[in-house]
Amino acid sequence: MIVKVLMVLSAGIILTLGVLHLVYTFWGPKLTPRDPALQISMSQISPVITKETTMWRAWVGFNASHSMGLILFGLVFGYLALAHGQLLFQSPFLLVVGLVMLVGFAVLGKVYWFSAPFTGICISLACYLVSIALSRV
């Protein structure tokens, strides 16, 4: 039982981070630049790859898709732990994919983000690892 609880906790943390990030992407000032001139500039300039969007629209889209990835991870791994625990814990493929994703998020969090999401990801990663370890005993 503790194995599933830890996996659901791991998934729940990531799901929560994803939902918060999605909310911050579309509502409120949390993901807007402190300097309003930067947002204006980003709204007027296109990236080199295309003139079909602006840096601001790309920024919003990247943040939204990042949030959706976190939400998907949380929902899938939470669901698998609750409804199909045997499948999840006996599948090296699923466990490695989940581990690689969480380690990737942790590296990105350390290098590019700030302490709150990094801490949440590290707690999620720890729960994930302990869940797997306990499932092997």
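**Exercise 1. Sort the residues that line the largest pocket into nonpolar, polar and charged classes.**

Solution. The lining of the largest pocket holds 14 nonpolar, four polar and one charged residues, where Ala, Val, Leu, Ile, Met, Phe, Trp, Tyr, Cys and Pro count as nonpolar, Asp, Glu, Lys and Arg as charged, and the others, Gly among them, as polar. A pocket is an open set of points on a 1 Å grid over the protein atoms alone, where a 1.4 Å probe fits and protein lies on both sides within 12 Å along at least five of seven lines, and lining residues have an atom within 4 Å of a point. The model is predicted, so local features need pLDDT of at least 70 and side-chain atom pairs count only at pLDDT 80 or more, whereas totals for chains, interfaces and linings use all residues. Residues are numbered from 1 along each chain as its sequence is written, and side-chain values use heavy atoms, with hydrogens and water left out.

**Exercise 2. Find the volume of the largest pocket, the residues nearest its centre and the helix that gives the largest share of its lining.**

Solution. Begin with the volume, which is about 620 Å³; a volume here is the space filled by probe spheres set on the points, and grid points are joined across faces, edges and corners. Next, look at the lining of 19 residues, of which His21, Leu31, Asn63, Trp113 and Phe114 lie nearest the centre of the pocket. Helix 1 (2-26), helix 3 (55-83) and helix 6 (115-135) are the elements that give two or more residues to this lining. Helix 3 supplies the largest share, eight residues.

**Exercise 3. Identify the members of the largest nonpolar core that touch the most other members, and follow the contacts of tyrosine 128.**

Solution. A nonpolar core is a set of buried Ala, Val, Leu, Ile, Met, Phe, Trp, Tyr and Cys residues joined through side-chain atoms within 4.5 Å. The largest one has 19 residues, and Met7, Phe77, Leu88, Leu95 and Tyr128 touch the most other members. Two or more residues come from each of helix 1, helix 3, helix 4 (85-89), helix 5 (92-112) and helix 6, and helix 3 gives the most, with five. Not counting residues up to four places away in sequence, tyrosine 128 touches Met7, Ser10, Phe77, Leu94, Leu95, Gly98, Leu99 and Leu102.

**Exercise 4. Compare the accessibility class of valine 100 with that of serine 135.**

Solution. Valine 100 lies in helix 5 and is exposed, because its relative accessible area is 53%. Serine 135 is placed in helix 6, and its relative accessible area of 24% is why this residue counts as partly exposed. Serine 135 touches Val3 and Phe89, when residues up to four places away in sequence are not counted.

**Exercise 5. State how many helices and strands the chain has, and what percentage of its residues is buried.**

Solution. The chain has six helices and zero strands, where helices (H or I, at least four residues) and strands (E, at least two) are DSSP runs numbered from the N terminus. Buried residues make up 35% of the 137 residues.

Note on methods. Buried means under 20% relative accessible area, exposed over 50%, partly exposed in between (1.4 Å probe, protein chains only). Contact means heavy atoms within 4.5 Å.
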